[in-house]
Amino acid sequence: MLTDDERRAAVDQAITSRRSIRAFLPEPVPRETIEAILQVAARAPSGTNTQPWKVHVLTGAARQRLCERLLAAHDDPQASGPHTEEYAYYPSQWVSPYIDRRRKVGWDLYGLLEIAKTDKARMHAQHGRNYVFFDAPVGLIFTIDRVMAQGSWLDYGMFLENIMIAARGRGLDTCAQAAFTPYHRLIAEELGLGAGEMVVCGMALGRADPDAIENSLVTERAPVAEFTRFHD
């Protein structure tokens, strides 16, 4: 039996060690491990137990086919032009402190990769790494039924976080990816999604490459006092 301190330490370690990994080793992840992670993650709370999540797991040839189509669209201005986001992930008007945090993480990453602010070609190529799941052996695409409302999207976020934490508990890493959303039509065609099924995001799953410089990035978090008010 774990003591309370050991249990707290294990949970805290799984949470605080989670990072967005952008370079993975090719080491396969067994199907039973993926299933175990999803089974644990499915304990996420949801309003009236609706469990609005749907998961498409891509490995092997299926992953390769989707990656090739996504990269082709990303690299072809004429092909990528018609692809637009189905929902707004980010605000239409940025304000501080959110824009400051967004800029900092972007330039911190590009700084590690030695990508200059004017190097649009390398920026484009780095963004394209999303579409090969940063070389992770497992790609996940998450969808939701269109009939579900905003509350179900809140539930979905807790499910996604559970996946990332359950992966850490097994020594695996992830990167949640909104970059897939502009290509929802292409993804729907490739995965055979029904008209009522909407792409939420993607996620890379695997084992981090310890030698990749981009994986040394540790993003900052605001202190509790900055985002919290206690009312006594």
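**Architecture and local features of the predicted model**

Histidine 74 is buried, its relative accessible area being 8% (buried denotes under 20% relative accessible area, exposed over 50%, and partly exposed the range in between, with a 1.4 Å probe and protein chains only). The model is a predicted one, in which local features need pLDDT of at least 70 and side-chain atom pairs count only at pLDDT 80 or more, whereas totals for chains, interfaces and linings use all residues. Residues are numbered from 1 along each chain as its sequence is written, and side-chain values rest on heavy atoms, with hydrogens and water left out.

The protein contains 9 helices and 4 strands (helices are DSSP runs of H or I with at least four residues, strands are runs of E with at least two, and both are numbered from the N terminus). Read from the N terminus, the order of elements is α-α-β-α-α-α-α-β-α-β-α-β-α. The C-alpha trace spans about 55 × 40 × 40 Å along the principal axes.

Of the 232 residues, 39% count as buried. The protein exposes about 13,800 Å², of which carbon and sulfur atoms supply 54% (areas come from the Shrake-Rupley method with a 1.4 Å probe; for residues, only the protein chains shown count as cover). Among contacts between residues at least 6 apart in sequence, 84% join residues at least 24 apart (a contact requires heavy atoms within 4.5 Å). There are 26 positive and 30 negative side chains, and the centres of these two sets lie 2 Å apart (Lys and Arg count as positive, Asp and Glu as negative, and His and the chain ends are not counted; the charge is placed at NZ of Lys, CZ of Arg, CG of Asp or CD of Glu).

Several side chains were examined individually. Histidine 74 belongs to helix α3, which covers residues 60-75. A polar atom of the histidine 74 side chain lies 2.9 Å from the backbone oxygen of histidine 124 (a polar contact is a pair of N or O atoms within 3.5 Å; within protein, one must be able to donate a hydrogen and the other to accept it, and residues adjacent in sequence count only if both atoms are side-chain atoms).

Arginine 168 is located in helix α7, residues 150-169. A polar atom of its side chain is 2.9 Å from the backbone oxygen of leucine 172. When residues up to four places away in sequence are not counted, arginine 168 touches Ala14, Ser17, Arg18 and Asp173. Threonine 219 is 51 residues from arginine 168 along the chain, and the two C-alpha atoms are separated by 17 Å.

Serine 216 occupies the loop between β4 (197-206) and α9 (224-227) and is partly exposed, at 43% relative accessibility. The serine 216 side chain reaches the backbone oxygen of isoleucine 213 at 2.6 Å. Neighbours within four places in sequence aside, serine 216 is in contact with Arg19 and Leu112. The C-alpha atoms of serine 216 and leucine 109 are 9.2 Å apart, although 107 residues separate them along the chain.

Backbone geometry was considered next. Most residues other than glycine have a negative phi, and most peptide bonds are trans. Serine 96 and proline 97 are joined by a cis peptide bond with omega of about 10 degrees; proline 97 is in the loop between α4 (77-80) and α5 (98-112). In the loop between α6 (120-128) and β2 (138-145), phenylalanine 134 has a positive phi, near 55 degrees. Aspartate 135, also in the loop between α6 and β2, has a positive phi near 70 degrees. Phenylalanine 134 counts as buried, at 2% relative accessibility, whereas aspartate 135 counts as partly exposed, at 38%.

Two further loop residues are exposed. Proline 28, in the loop between α1 (4-16) and α2 (31-41), has a relative accessible area of 64% and is therefore exposed. Proline 28 and threonine 59, which are 31 residues apart in sequence, have C-alpha atoms 8.9 Å apart. Valine 147 lies in the loop between β2 and α7 and is exposed, with a relative accessible area of 73%. The C-alpha atom of valine 147 is 13 Å from that of tryptophan 53, 94 residues away along the chain.
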